[in-house]
Amino acid sequence: MKYLDMAADLAELGRGRTNPNPMVGAVVVKNHVVVGKGYHEKAGSPHAEVNALKDAGPKARGATLFVTLEPCCFQGRTPPCTEAIIEAAIGEVVVGITDPNPEVSGEGIRILRDAGISVNVVGFRKIARQNEAYFKYMREKKPFTTLKIATSLDGKIAEAKGVKTRLSGDKAEVEVHKLRNEYQAIMVGVGTVLVDDPVLSCRLTGKGIRQPTRIIVDSRGRLPIDSRIVETSPMSNVILATTDKMTKKKIEAMEKSGVEVVVCRQNDKGKVDIEDLYEHLGKREITSLLVEGGSRLNEELISNNMIDKLIILLAPMIIGGKKGVPIVAGKEAFWQTFEISSHRYFDNDLVIEMYPKKTNESRVRGEARQAIPGV
């Protein structure tokens with residue numbers, strides 16, 4: 001796994017730049033010596049295998065190519081990698097995991113084997129986690145959704161409704177902007193915009209920083225035309241997800257200001273049907289989505305099992321009182337359990353990453369709790 005680990009580290013260098021393509025890294029090894037390295041730097045640029053083979057030059061002949069994901073075998077924005085591998089006279093290819101893309105899955109491996117090249121597929125699960133957004137998109141044509149929540153110890157995201165409240169420290173805030181730089185799009189409910197008037201931009205500086213598409217969920221068209229997010233629409237795309245409750249006059253005004261308006265179906269509550277919105281985003285090849293609330297949107301997503309990953313930024317403070325805004329809105333209880341995958345400290349803030357459990361354990365736990373007298 002040594003060389004595949006090295007290739008996976010190389011792949012990470014492309015995080016946030018390759019969408020809708022996967023992150024891929026490749027290493028060329030000959031006589032136990034690395035003679036070439038490469039990774040997919042951004043969508044539309046040469047793939048990892050091509051870059052690694054170019055780096056290796058003539059030394060690639062008879063060498064072993066370690067690549068994190070199955071080499072592509074079709075003409076897209078770049079030529080098939082299988083052709084480059086065959087032309088370089090590679091002797092063996094070690095693949096971390098097969099590509100879920102139906103245009104590739106197993107076919108790239110078959111082409112290489114038919115050309116007389118030995119191919120070994122390891123089944124490296126680390127690669128699937130690294131490309132979790134790509135794998136989800138290839139399966140469902142919907143974005144991989146990460147919900148990020150900054151909260152106090154007593155589960156509040158704001159001091160009171162309509163009160164702008166900062167909970168996270170400076171270092172944790174930097175981490176948030178790293179996420180915004182990695183994800184293709186960021187989404188909030190209109191209530192967050194009405195209170196905070198955010199830009200929802202990535203404020204990191206340096207080479208390669210990109211701005212995410214910004215999505216506002218607004219069932220009635222309450223987004224102010226003079227909000228900062230509308231005024232900065234030339235900086236990066238702004239999508240207003242609404243319903244037919246929004247008037248044609250407001251829609252025309254938004255579109256004139258550079259905002260793309262997507263009219264979605266209404267759910268049973270008369271709100272934007274998020275599943276319908278996800279289908280729209282999938283058609284735009286948005287593979288990764290970072291959601292930053294607020295509480296009503298959080299409740300809609302969590303209660304309907306519509307998030308793939310949860311990131312909690314836990315601030316070491318208690319807000320108290322009855323007016324505090326909870327993590328999730330709504331009066332009806334629902335149960336969702338998560339499996340913690342990692343945790344890190346940023347000064348005094350604790351950042352916890354977790355994934356929803358895919359079993360019915362959440363519901364079972366809730367029913368068990370209700371059955372215990374006095375609980």
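This is a predicted model: local features need pLDDT of at least 70, side-chain atom pairs count only at pLDDT 80 or more; totals for chains, interfaces and linings use all residues.

Student: Okay, what follows α4?

Tutor: Gly116 does, and its phi is positive, near 90 degrees.

Student: And which residues of α4 are buried?

Tutor: In α4 (residues 107-114) they're Gly108, Ile109 and Leu112. Buried means under 20% relative accessible area, exposed over 50%, and partly exposed in between, with a 1.4 Å probe and protein chains only. Those three cover an arc of only 100 degrees around the axis, so they sit on the same side of α4. The arc is that of the directions from the helix axis to the C-beta atoms.

Student: What covers them?

Tutor: The cover includes α3 (81-87), β4 (92-97) and β5 (118-121).

Student: Switching topic: how many residues are in the largest nonpolar core?

Tutor: It has 37, and those with the most contacts inside it are Val28, Leu65, Ile85, Ile90 and Val93. A nonpolar core is a set of buried Ala, Val, Leu, Ile, Met, Phe, Trp, Tyr and Cys residues joined through side-chain atoms within 4.5 Å.

Student: Which element gives the largest share of this core?

Tutor: That's α1, with five residues. Apart from this core lies another one, of 31 residues, among them Val217, Val262, Tyr278 and Ile352.

Student: How many aromatic pairs are there in the whole structure?

Tutor: A search finds two. Rings of Phe, Tyr and Trp (its six-membered ring) pair if their centres lie within 6.5 Å; planes under 30 degrees apart count as stacked, over 60 as edge-to-face and the rest as tilted. Tyr3 and Phe66 have ring centres 5.1 Å apart and planes at 45 degrees, so that pair is tilted. Tyr3 is in helix α1 and Phe66 in strand β3, so the pair ties together parts 63 residues apart in sequence.

Student: And what about Tyr134 and Phe135?

Tutor: Their ring centres are 6.1 Å apart with planes at 75 degrees, so this pair is edge-to-face. Tyr134 and Phe135 are both buried.

Student: Back to the start of the chain. Is Met1 buried or exposed?

Tutor: Met1 counts as exposed because its relative accessibility is 54%. Leaving aside neighbours within four places in sequence, Met1 is in contact (heavy atoms within 4.5 Å) with Val122 and Phe124.

Student: What about Ile286, buried or exposed?

Tutor: Ile286 is buried, at 6% relative accessibility. You'll find Ile286 in the loop between α11 (274-283) and β12 (288-291). Again skipping neighbours within four places, its contacts include Tyr137 and Pro143.

Student: Last one: how do β15 and β16 pair?

Tutor: β15 and β16 (residues 349-356) pair in the antiparallel sense over eight bridges. Strands count as paired if DSSP finds at least two bridges between them. Ile340 stands opposite Met354 in β16. The two strands form a hairpin with two residues between them, and Asp347 in the turn has a positive phi of about 55 degrees.

Methods:
Residues are numbered from 1 along each chain as its sequence is written. Side-chain values use heavy atoms; hydrogens and water are left out. Helices (H or I, at least four residues) and strands (E, at least two) are DSSP runs, numbered from the N terminus.
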